[in-house]
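Subject: Structure handover

Hi,

Here is the structure for your set-up work. My notes follow below it.

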Amino acid sequence: MCELYSKEATLALRGKHIGPSCTVFFAEDPVKIVRAGRQYMFDERGRRYLDCINNVAHVGHCHPEVVEAAQKQMALLNTNSRFLHDNIVAYAQRLVATLPPQLCVCYFTNSGSEANDLALRLARRFRGRHDVITLEHAYHGHLSSLIEISPYKFQKGKDDQKEFVHVAPAPDTYRGKFREDHADPASAYAAEVQGIIEDAHRRGRKIAAFIAESMQSCGGQIIPPADYFRRVAEHIRGAGGVFIADEVQVGFGRSGRHFWGFQVHGEDFIPDIVTMGKPMGNGHPLACVVTTREIAEAFHGSGMEYFNTFGGNPVSCAVGLAVLDVIEKEDLQGNAIRVGNYLTELLNKQKAKHTLIGDIRGIGLFIGIDLVRDRERRTPATAEAQHVTYKMKEKQVLLSADGPHRNVLKIKPPMCFTREDAEFLVEQLDGVLTVLEESIGTQTEPANSSENTLHRTKMPEEALRELLRGTPDSTEDASRRRNGVCVHCMTKGSRR
Ligand SMILES: Cc1ncc(COP(=O)(O)O)c(C=O)c1O
């Protein structure tokens, strides 16, 4: 039996017993999912949805080999890592084999937040300093220590930016400070970090770490310009700090050519600490921090034991091993390249057709569609993006919108996504954008139009409002009223 309650009863009970800040996707009309397989999710009526949201179900929902590995180990033994067990060491060996040799010491945790919190502790202990440089719009987790370094969170709420937190510009070459027409955006963005370091020094502060996602996810599917991380690492290390790469969203082969997102930034770029989570356990809570022997020894030098009741337990490690096996056996990295490239190609054709699409960016199966009201000004099409996600849901495609303006459609599906799925997604998106553009009085251009000639007619605000009236939470006010419910459900929810 898949359901205990009717959908209405589930909603009512959730309202009664689950904290109101725990939001759901599509708040006005939530989806009740009762089962899933591969890249598809099924609601209580048996309707099938194409899942473009869940990078957690990395090798596919309920992959039989992963399920079997968990079941077998669960039936045999599960306990904490103070007892000797082979799974934790077998898994640690397999994991570090995917990383540069310096990154060879693992600490297992249960969530990406725990991993990032521990990464901060390692860096601070190693350097004996506290300050952290983080990127604009970054999200690194829900613990207090991470809200502090997550502008995505603290700039939205009432929290003040702490004096030990320094925010560098997001290396966004589409909408950021230095764009694709800049001669050397990598150096320009890295110089901003250097400026922050110098300013901190002038104020008598010292930097312990720089932390960034290897590709920014909640920040709007941002791919930093080539060489940016290498240059930042030089500045940070020059100032005595360490580089933490957050791979919680983008690790485990999503970028296709490389197993880790940071490797996209060049063979010679090696972070000091790497954190991972989400896809690692394919839905089972499993996360990790990997670092160098030197940093681990310094942490040990504090004399404080690190103990985590569930981190690295035999069941979690059996699951982790099975996930690695499936990635390899099913060539999911190869699939991410092939299907990711194909999807990007199809989306670029849509860009030539729909003036609402300002930018298509991504690597492998990590893709963003930046919706704009005006291509020249790159005005974010926030309400339109929310509308599109709801309409796509009606067409049985689950998508989310994120980024600082919540106008970037995020595509980060299970890695078994196929060419046929890509075609279905694009066909549905084409239909939704065509209707939307017709309704709001802009032109859908023939596919062979040159990009430069595409300018949207001025957005008739009233027509837009009228059209979007049926779209839940399409206005700023509505989303704020619900404490960001819709915005949250489209954005935070997308990260789960
Ligand atoms: C980049 C990044 N780091 C860390 C986290 C925190 O992971 P978790 O929710 O598993 O604690 C998230 C969660 O969305 C994330 O997106």
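This is a predicted model: local features need pLDDT of at least 70, side-chain atom pairs count only at pLDDT 80 or more, and totals for chains, interfaces and linings use all residues. Residues are numbered from 1 along each chain as its sequence is written.

Loop first. Arg378 sits in the loop between β12 (366-374) and β13 (379-380). Helices (H or I, at least four residues) and strands (E, at least two) are DSSP runs, numbered from the N terminus. Phi of Arg378 is near 60 degrees, a positive value in a residue other than glycine. Arg378 is partly exposed, with 17 other C-beta atoms within 10 Å. The cut-offs: buried means 20 or more other C-beta atoms within 10 Å of a residue's own, exposed means 12 or fewer, and partly exposed is in between, with C-beta atoms placed from the backbone.

Asn282 also has a positive phi, near 50 degrees. Its place is the loop between β9 (273-276) and β10 (287-291). Asn282 is buried, with 29 other C-beta atoms within 10 Å. As background, most residues other than glycine have a negative phi.

α2 (residues 64-76) has 13 residues. Its buried residues are Val66, Ala69, Ala70 and Gln73. They cover an arc of only 95 degrees around the axis, so they lie on the same side of α2. That arc is taken over the directions from the helix axis to the C-beta atoms. On the other side, Pro64, Glu68, Gln71, Lys72 and Ala75 are exposed. The buried residues of α2 pack against α10 (314-329).

α10 is largely enclosed by the rest of the structure, because 12 of its 16 residues are buried. Among them are Pro314, Cys317, Gly320 and Leu324. The buried residues of α10 pack against α2, α3 (86-96) and α11 (332-353). Just after α10, Asp331 takes a positive phi of about 45 degrees.

Last, the core. The largest nonpolar core has 127 residues. Such a core is a set of buried Ala, Val, Leu, Ile, Met, Phe, Trp, Tyr and Cys residues joined through C-beta atoms within 7 Å. Its largest share, nine residues, comes from α10. Domain 1 (7-59 + 332-495) and domain 2 (64-329) each give this core at least three residues. Those bounds come from an automatic or database domain assignment. Cys288 is one of the residues with the most contacts inside the core. Leaving aside neighbours within four places in sequence, Cys288 is in contact (C-beta atoms, placed from the backbone, within 7 Å) with residues including Leu95, Cys106, Phe108 and Met276.

Best wishes

Conventions. The expected span of a helix is 1.5 Å times one less than its number of residues. Two residues are in contact if their C-beta atoms, placed from the backbone, lie within 7 Å.
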